Amino acid sequence: MVSAVAVALLAASTQLSAPVMAAASPDKVLVIGLDGVNLDRVKAADAPHLKRLMAEGLTAESKLYAPPMAATSSGPGWSTIATGVWPDKHGVKDNSFTGKQFGTYPDFLTRMENADPALNTYAAADWEPITSTDQNGPIFSAKVDKRLSLKGDANGYRNEDPKIASAAAAELKNGNPDAAFVYLGEIDATGHGSGAASQAYLDTIARVDALVGQVLTGVTSRPTYSQENWKILVTTDHGHTDGGGHGGSSIKERGTFVIAKGAGIAPGSVRHDVRLVDVAATALKQLGVSTSAVDGTPLDAPDNDAFDALRPQLQARVDETGSPAGVKGFTHTAPSGWSVDNSKMGTGGVTEWRGWAFATDEFWSQAERDQWRELGVRSRDVFAVADSDEWADKSFTGSYDSTLVSPKWTVGGGTSRSLRFQTHYRQEAGQKAEVLVSYNGGTPTVVKSFSADSVAQWQNIPLQVPAGATDVQIRFRYSGSNNWYWTVDNVWVA
């Protein structure tokens with residue numbers, strides 16, 4: 001029998017704990033997809049809702065791939081955003097969706113349903129492949145609890161964005177979605193018709209911004225909003241040229257962005273290490289779903305790469321005419337603890353690429369377009385570049401032979417470690433790329449040689465630390481003469 005004292009204590013405990021339970025904040029996420037939007041034009045437009053999100057959260061601009069990995073078009077773009085993996089995994093290279101691998105790499109809403117069927121998911125779009133089962137997609141699978149698919153792109157463009165925004169706002173306000181994706185496509189249509197540099201493009205951004213505001217009001221009008229923890233993300237699938245159009249490798253076509261607001265995101269912050277695959281990773285983490293199967297990194301988990309710290313030292317071009325004037329995107333200053341050995345390097349050549357340099361995608365990929373430089377999508381922000389092809393564009397003597405040297409990292413003798421780094425390598429006969437390891441200042445030993453293309457790949461090299469060793473040092477040696485290139489990023493010994 002329960003005593004009267006125990007009953008009283010139980011009642012008191014219930015009274016004390018009830019307010020705490022009521023104050024629990026369920027995590028929710030909304031992703032708004034705006035098709036074909038150039039961020040610089042958003043900044044120039046009358047777009048108070050988007051600009052408020054930027055002021056209250058994060059703005060991160062980044063660049064896409066280009067052919068042959070995939071066209072800068074909607075099929076690959078939205079597939080990358082939804083699945084959180086790059087086209088070399090999800091298989092979508094253009095709007096035909098030929099080769100799609102959505103069964104292996106599902107969208108983030110489907111991943112949530114697979115992890116916890118009790119989660120409530122919602123998707124709304126007026127470009128049919130995103131949500132419709134009778135088209136090349138759907139990118140967001142039939143497992144999503146509720147989907148709205150309108151034919152905004154059938155028989156010539158028909159603007160269904162107001163219907164999408166109205167329906168989504170109502171669902172967000174009166175329903176109970178844990179995760180939602182809402183697509184608006186009119187800006188892309190105007191880009192095709194009038195060009196991104198036009199006043200019509202700015203006017204369309206303003207109209208769509210009002211619809212974004214309507215969708216956001218659907219969230220903030222929820223009766224339980226004050227007890228919820230929402231993360232809001234706004235992104236785009238590709239950019240547009242000034243004259244209109246996309247699909248190619250120009251920097252305008254490759255331009256994308258992520259705007260994000262929520263817990264753990266600093267107001268007014270700007271970052272350069274965010275990629276499009278991070279949208280899905282952030283959404284998954286917000287709902288407590290594993291991100292191990294995606295290429296993206298949640299926005300609250302930056303990689304803290306040593307090369308990224310060089311951004312304040314970046315310089316404008318010297319000899320490199322391909323990179324735009326005024327773009328600060330390269331330096332020969334190595335990060336703390338790192339060094340470059342050019343003792344075997346030839347003389348002359350293009351200044352920017354004389355030995356290992358540190359550069360950004362925007363600067364390096366434009367040095368010479370359509371030679372696969374655009375495909376290094378797994379590098380972030382600043383990365384190390386050895387480019388004998390560009391170096392040889394100016395008179396030189398000797399050959400290209402440069403070595404990037406890491407700091408000495410502490411290890412335990414007799415242990416097993418793993419050398420990890422991201423690499424983007426293009427092979428040609430006559431060049432050599434080697435990874436060398438030395439312990440306690442000893443003779444460097446080759447642990448990896450590249451003899452074939454390694455396009456935007458992670459490397460994981462096992463290391464057996466000798467007995468008695470206390471430190472390890474890594475060298476990346478690249479040699480050749482007017483051959484191709486090698487990039488390295490995110491190097492660490494795990």
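This is a predicted model: local features need pLDDT of at least 70, side-chain atom pairs count only at pLDDT 80 or more; totals for chains, interfaces and linings use all residues.
Val-340 has Leu-404 of strand S15 as its bridge partner. Strands here are DSSP runs of E with at least two residues, numbered from the N terminus. Residues are numbered from 1 along each chain as its sequence is written, and side-chain values use heavy atoms, with hydrogens and water left out.

Strand S15 covers residues 400-410 and is joined to S10 by three bridges, the two running antiparallel. Two strands count as paired if DSSP finds at least two bridges between them. S10 and S15 belong to an open sheet of five strands with antiparallel pairing, in the order S10-S15-S20-S17-S18. Strand S10 (339-341) and strand S18 (445-450) are at the edges and have a single partner strand each, so one side of each lacks a neighbour in the sheet. From one strand to the next, the twist averages 25°, with axes taken as lines fitted to C-alpha atoms and angles running from 0 to 180 degrees between N-to-C directions.

Strand S21 is the next stop. S21 spans residues 485-493, and eight of its nine residues are buried, meaning under 20% relative accessible area with a 1.4 Å probe and protein chains only. Strand S16 (residues 416-426) pairs with S21 in the antiparallel sense over seven bridges; Gln-422 stands opposite Asp-489 of S21. Strand S13 (residues 382-387) also runs antiparallel to S21, joined by four bridges, and here Ala-386 stands opposite Trp-486 of S21.

Methods
Buried means under 20% relative accessible area, exposed over 50%, partly exposed in between (1.4 Å probe, protein chains only).
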